[in-house]
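Here is a short report on one protein chain. It covers the fold in outline and then the salt bridges.

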Amino acid sequence: MLEDIVSNVSGARHAILLSADGLRRGATSGMSADLADTISAAMSGMQSLSRATGRFAGPDDNPKWQQTVIEFKHGWIFLIAAGQGAYLAVAAAPDIDMQEITFRMHQLVSKLGKELMTPPREMADNK
């Protein structure tokens, strides 16, 4: 289903599904496993940083993170929640229709629903 975004949205390049702790759960073809793992870890950190700076955006004492958008000279990265404990990241060309890509990302998250949920890891007993 990740391939749907890069196939049907002009300018979308890659998509990655990751867990909150930065593990790759899926990636579109054309990305090496090493790159997908690196980007997954980085996107997890980016989401954490974004959430931590939420109060900077306004007066809300408990802001709810919704999306992180990063702009580069050569393109964009979009990051959204994809259920409990999961995130969806998409890389796109500089001329991407931002409204369309975020709409499609939210559609994909809705389609996959519970399949995207990653329950929190439980600590093993050290007895």
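Does Asp37 count as buried, partly exposed or exposed, and what is its relative accessibility? Asp37 counts as partly exposed, at 34% relative accessibility. Buried means under 20% relative accessible area, exposed over 50%, and partly exposed in between (1.4 Å probe, protein chains only).

This is a predicted model: local features need pLDDT of at least 70, side-chain atom pairs count only at pLDDT 80 or more, and totals for chains, interfaces and linings use all residues. Residues are numbered from 1 along each chain as its sequence is written, and side-chain values use heavy atoms, without hydrogens and water.

**Fold**

The chain has three helices and five strands. Their order along the sequence is α-β-β-α-β-β-β-α. Helices (H or I, at least four residues) and strands (E, at least two) are DSSP runs, numbered from the N terminus. Of the 127 residues, 36% count as buried.

**Salt bridges**

A salt bridge is a side-chain nitrogen of Lys or Arg within 4 Å of a carboxyl oxygen of Asp or Glu. The count comes to three.

| Pair | N to O distance |
|---|---|
| Asp4 and Lys111 | 4.0 Å |
| Asp37 and Arg24 | 2.7 Å |
| Arg104 and Glu100 | 3.9 Å |

Asp37 forms a salt bridge with Arg24. Asp37 lies in helix H2 (residues 33-52) and Arg24 in strand E2 (residues 24-27), so the pair ties together parts 13 residues apart in sequence. Arg24 is partly exposed too, at 37%.

Asp4 and Lys111 also meet in a salt bridge. This pair links helix H1 (residues 2-8) to helix H3 (residues 98-112), 107 residues apart. Asp4 is partly exposed at 30%, whereas Lys111 is exposed at 54%.

Arg104 and Glu100 are four residues apart in helix H3, about one helical turn.
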